[in-house]
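Keep the sequence and the model side by side as you read.

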Amino acid sequence: MMQELDLSTIKLLLVDDEAHCTKLMEAFLKQAGYSRITMTNDPRQAVPLYGEVKPDLVALDMRMPHMDGFEVMRQLRQVIPADDYVPILIVTGELDAPTKHQALAQGANDFLNKPVDATEVVLRIKNQLQTRRLHQQVRMHNEHLEAQVRLRTKVVEQTQLDLLNRLVLASEYRYDVTGAHAWRVGRLAMLLAEMKGLAPDQVELIKKTAPLHDVGRIGVRDAILLKEGPYEPAEREAMKAHTKIGSKILSDSRSPLLMMAREIALTHHERWDGKGYHRLKEAQTPLSGRIVALADAFDVMTHACSYKAPLSLSDARGEIERHAGTQFDPDLSSQFLKLIDRDGESLLADATAQQLFA
Ligand SMILES: [Fe+2]
């Protein structure tokens with residue numbers, strides 16, 4: 001059931017070069033209950049007045065000096081937003097069919113014949129205003145739906161990040177329940193990706209997935225994973241398998257996050273000279289893997305573990321310089337040196353999941 005229009009809120013714009021015509025229309029419309037009526041007898045004022053008043057409907061004469069109704073309508077359609085339905089009612093004497101067709105093609109919504117009849121004016125205007133209101137309701141409904149979709153998408157994304165976060169904690173748990181190394185690698189990889197000039201969405205993906213680089217360690221036996229000191233060859237092979245295990249855990253997903261996480265898990269132990277785990281050389285290793293290889297190595301160097309003391313920042317800087325072009329991507333290495341010179345000791349500070357996933 002159509003609700004009654006609230007006429008006190010409705011704004012009308014009347015454009016006709018003859019003052020008695022606008023006056024007559026105004027009288028009919030006031031009698032019908034409309035009060036917010038703007039009129040002009042100069043068609044050149046129609047567009048500026050539209051901008052000022054933002055009417056719900058425009059009633060427009062066709063034959064006018066200076067600017068005919070077609071021109072006014074053309075200009076009005078340029079300023080009326082595409083998603084807003086503002087009816088234009090043509091008020092004119094007898095129109096031949098081609099002129100009528102042209103008016104409709106240019107965006108006229110209805111016609112009123114002169115001399116205007118009070119009942120017809122009021123009914124045709126009411127019809128057009130009801131159409132406008134339906135249009136507004138549909139638009140509001142769509143906006144509401146879009147907002148809901150955005151909200152749901154946000155919730156899904158948050159859930160995804162939350163799960164990644166838990167997976168990082170699970171993967172690091174046997175070393176360090178806080179996952180501190182993983183979060184620091186995430187932050188370092190993000191900074192390096194930024195220095196390299198990657199697009200913001202790629203930087204985000206790397207930041208969020210780099211902490212998962214060692215997720216495959218879940219599948220490495222404690223006797224090997226927690227062994228201190230040098231590995232036997234067979235143990236080394238079992239340790240290397242964490243890249244493939246990680247890749248397996250993260251495979252077969254179409255989520256960009258998981259696809260990136262998988263790429264990093266598989267390739268973060270490659271070397272620029274091709275002597276890494278899977279013998280990928282130079283740019284055969286995806287950029288994400290080369291970035292995390294550097295971030296991971298730097299963080300391991302600069303933090304103590306049970307069998308070694310940490311290197312100082314300047315010693316770690318020297319290590320990167322020395323291994324640029326053999327172990328590490330030479331361009332990324334020089335970016336990383338710049339990063340060390342720019343950010344200094346703050347690169348060693350702890351990061352948290354909240355900082356990375358905010
Ligand atoms: Fe690793």
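Asn 165 lies in helix 5, which covers residues 118-172; helices here are DSSP runs of H or I with at least four residues, strands are runs of E with at least two, and both are numbered from the N terminus. Because its relative accessible area is 12%, Asn 165 is buried; buried means under 20%, exposed means over 50%, and partly exposed is in between, using a 1.4 Å probe and protein chains only. Asn 165 is 189 residues from Gln 354 in sequence, yet their C-alpha atoms are 9.3 Å apart in space.

Before going on, a word about the source: this is a predicted model, in which local features need pLDDT of at least 70 and side-chain atom pairs count only at pLDDT 80 or more, while totals for chains, interfaces and linings use all residues. Residues are numbered from 1 along each chain as its sequence is written, and side-chain values use heavy atoms, leaving out hydrogens and water.

Next comes helix 9, residues 233-249. Its 17 residues reach 25 Å from first C-alpha to last, close to the expected 24 Å, the expected span being 1.5 Å times one less than the number of residues. Helix 9 also has a kink of about 30°, centred on Thr 243; the bend at a residue is the angle between axes fitted to the seven residues ending there and the seven starting there. Thr 243 is also one of the buried residues of helix 9, together with Glu 235, Met 239, His 242, Gly 246 and Ser 247. Their cover includes helix 8 (222-225) and helix 10 (256-267), where contact means heavy atoms within 4.5 Å.

Lys 240 belongs to helix 9 too. Is Lys 240 buried or partly exposed? Lys 240 counts as partly exposed because its relative accessibility is 21%.

Now look at helix 11 (residues 287-302) and helix 12 (residues 313-323), which pack at an angle of about 145° with axes 10 Å apart. The axes are lines fitted to C-alpha atoms, for helices over the stretch in contact, and angles run from 0 to 180 degrees between N-to-C directions. Helix 11 contributes Leu 294, Phe 298, Met 301 and Thr 302 to the contact, and helix 12 contributes Leu 313, Ala 316, Glu 319 and Ile 320.

Finally, Asp 343 sits in helix 13 (residues 330-343). At 22% relative accessibility, Asp 343 is counted as partly exposed. Its C-alpha atom is 35 Å from that of Val 220, 123 residues away along the chain.
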